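Here's a quick briefing on a two-chain model, put together for someone who likes the cut-offs spelled out. Have a look at the structure first, then go through the notes by topic.

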Amino acid sequence: MKRLIQVTTALLVGALLSAATVCNGEVVLTLALNKSFVKNIRNKATITTNLTVDAHPKDPHQIKDDGDDGDIHMAGRDSLIQLPLVAEILNARREPTATQLLKTVGIQPVSVSGAWRIWFEHLGSVDQIQGTPAPTPYPKGSNPDHLFEIHPITSFAGIDVLDSFVEIPGYQAYSASKAFPYYDDTDVTIQASDTAIMIAGGERKYNYADFVIELAGKPKDVGDGFIVLGNVYEATGSLENPVSPIAHRMVFVKGTPPAAKLLTMSKGETGHVLGIPRVNLTEIFLIASKHGTTPVSMKLPYEMIIAAVLP
Amino acid sequence: MAGIFGSTVLDVAIGLVFVYLLLAILCTSANELLAGLTKSRASFLKKGITQLLDNQPIGAAKDQTNAFLEEFYRHPLITGMMQGNKHPAYLPSRTFATVITDNLAKSRLGRLNIEELEAGIMGMPDGDVKQALVALVHTSGDDLDSALTAIEGWFEDAMDRVTGWYKRRTQIWTLIMAILVTVLANADTVHIARHLWRDPVLRSAVVEAAKTRAQKPRPSVTVEYPNPDDPTNPTITSNEGSTVAPEESALLGQMMGWQGSLTDNTARDWFERILGWLITILALCLGAPFWFDVLNKFINIRSAGKSPGEAAKRPEKKKLAPADKSA
């Protein structure tokens, strides 16, 4: 009996560990980014690259809710980001010149600038490693499996679309009380090597959230935008209870209407906005730098790109 | 509850995982305490800065090979970060670049420009810093901002190495702490499992404590912004899940320790004990967050599924209170 107990003890943890892992059936994929790339963009609002557009839909999305957001997206590839890549023009019907030009661009790369965005939405089934050639052509056409986006675009082939950062008429975004607890409950594992930072996580949704921010600090000019800490509240609720327990970084792109509005606000003031979540690479970089090859499991650090000021 | 999931085996496993979690928390706390006492981060930073700035004389005193380094540490921006003789644990790259450029162009009258910076560099006696700065400035753009950015990058690359040294030191000390905690507490996995198996009262108490622990935040790193006006400069802190409660310590005391006479132990007893220690040490090296996640999974299995409202908690951070509106 004694020996049985000892053998059982020795096998117990391993066996049940395996069982526990199997019980958690979520698909988890890894995004591997060059450390220097992360270092360069972590405190930037935007990124600029030369994009070879592979595919795009004929018309912008319809406007209703969820994915019917009025954007027009394009799948492409580039030599800077070197990941499966999708770029999206917000409020595309407001930008007929850029949208028409998109239809005429051929295989020549065009300059595209916009807010960089990493989000585990279109996860697919294969890990994405920066530098690995993207499949040619993308199997899913204009909306391939991708974790990196330029979204919203601020300039397409030299055409300025900064004025697209306004309310999407008729669009029903996710409420703050639905979106932020969901974002807050995202498990990721962060690990670094000498040259790369790996982020492993499961699928995440809810592209657009409608919320009120309360500035918790002063905006910091990061060259191409402003970053400010903000507490988050339900748009229709009181300012007593934030929907997320912590203040998040809010990213405003220079030259957009939200950035203009931000510059008129002081610490403690509130504003009703439309935002898009993205991974907070500043926090990821910090954790990866400190813990290195030791994996760190934690809730996903994220920040919000402010896409519009709402009434 | 029927079947294996309701059995003693699962409860013993939960007990072991609970013990590993608490001991791993103790190891982490001891490691952080040691790092604080030895100021290892600060000493690594000092070593990194010394590597960058030594072997560089200034002015006519060409035999003073560390004069540039000493001048760096005499700058008011650096002395302002010192607490007495204590070296700071962190140094912003912008401050580093500002001090370097300021020391190179002390004789200027107004705002520094790129020509004055280049003249300051070329005016230095030959040395490692001069060679590095010449390379940095000549390969950056033609403006001061580009030069400053290049110097910042030089410093940040050095800080990556500092982080690597610090990380390796932390890994070594994590193992040493795991060995110390395991042996000092006699945390013998075989003995603990046997104790839990045979003592249903203790087992029940441990499972209840484990359930309570599973409701606490994950003992993990938490990123905070100490200065709400600087959202680009976060720091890592521990959260409230990273402490062991007195009642948890009391439970640990019931499962391990050095009771009885060691002289009565047979060779077989020692073999089992050392095997048990080794299992514990290996477990502790996996870290508290790992065991917290495992504990949550086991508790969920035991409860036959987690309700949506019981999702794992995010490490708690305080809401940042907005400061005065005049800012």
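Helix axes here are lines fitted to C-alpha atoms, for helices over the stretch in contact, and angles run from 0 to 180 degrees between N-to-C directions. Keep in mind that this is a predicted model: local features need pLDDT of at least 70, side-chain atom pairs count only at pLDDT 80 or more, and totals for chains, interfaces and linings use all residues. Residues are numbered from 1 along each chain as its sequence is written, while chains are lettered from A and ligands numbered from 1 in the order in which they are written.

**The two chains**

- Chain A has six helices and 18 strands, whereas chain B has 13 helices and two strands; helices (H or I, at least four residues) and strands (E, at least two) are DSSP runs, numbered from the N terminus.
- Of the 311 residues in chain A, 48% are buried, and for the 327 residues of chain B the figure is 35%.
- "Buried" means that 20 or more other C-beta atoms lie within 10 Å of a residue's own, "exposed" means 12 or fewer, and "partly exposed" is in between, with C-beta atoms placed from the backbone.
- Take the contacts between residues at least 6 apart in sequence: in chain A, 76% of them join residues at least 24 apart, and in chain B, 73% do.
- A contact is a pair of residues whose C-beta atoms, placed from the backbone, lie within 7 Å.

- The axes of H10(B) and helix H11 (residues 246-255) of chain B come within 11 Å and cross at roughly 150 degrees.
- That crossing of H10(B) and H11(B) is left-handed, i.e. the near helix is turned anticlockwise from the far one by less than a right angle (clockwise would be right-handed).
- On the H10(B) side the contact uses B:Leu202, B:Ala205, B:Val206 and B:Ala209, and on the H11(B) side B:Glu247, B:Glu248, B:Leu251 and B:Gln254.
- By type, the residues of this H10(B)-H11(B) contact are five nonpolar, one polar and two charged; Ala, Val, Leu, Ile, Met, Phe, Trp, Tyr, Cys and Pro count as nonpolar, Asp, Glu, Lys and Arg as charged, and the others, Gly among them, as polar.
- Helix H10 (residues 200-214) of chain B also has its axis within 10 Å of that of helix H13 (residues 288-302) of chain B, with a crossing angle of roughly 115 degrees.
- H10(B) and H13(B) cross in the left-handed sense too.
- Here B:Ala210, B:Lys211, B:Arg213 and B:Ala214 of H10(B) meet B:Leu295, B:Asn296 and B:Ile299 of H13(B), a set made up of four nonpolar, one polar and two charged residues.

**Sheet edges in chain A**

- One open sheet of chain A has five strands in the order E6-E1-E11-E10-E17, with mixed pairing; two strands pair if DSSP finds at least two bridges between them.
- Strands E6 (128-129) and E17 (296-299) of chain A sit at the edges with a single partner strand each, so one side of each is left without a neighbour in the sheet.
- Strand E10 (residues 187-192) of chain A pairs with E17(A) in the antiparallel sense over four bridges, and A:Val188 stands opposite A:Met298.

**Covered strands in chain A**

- In strand E3 (residues 72-77) of chain A, six of six residues are buried.
- A:Ile72, A:Met74 and A:Gly76 are buried on one side of E3(A), and A:His73, A:Ala75 and A:Arg77 on the other.
- In strand E14 (residues 225-234) of chain A, nine of 10 residues are buried.
- E14(A) pairs antiparallel with strand E15 (residues 248-253) of chain A over six bridges, with A:Val228 opposite A:Met250.

**Around A:Pro219**

- A:Pro219 is in the loop between strand E12 (209-215) and strand E13 (220-221) of chain A.
- A:Pro219 counts as buried because 21 other C-beta atoms lie within 10 Å.
- Not counting residues up to four places away in sequence, A:Pro219 touches A:Phe226, A:Val228 and A:Leu262.

Definitions and conventions. Two residues are in contact if their C-beta atoms, placed from the backbone, lie within 7 Å.
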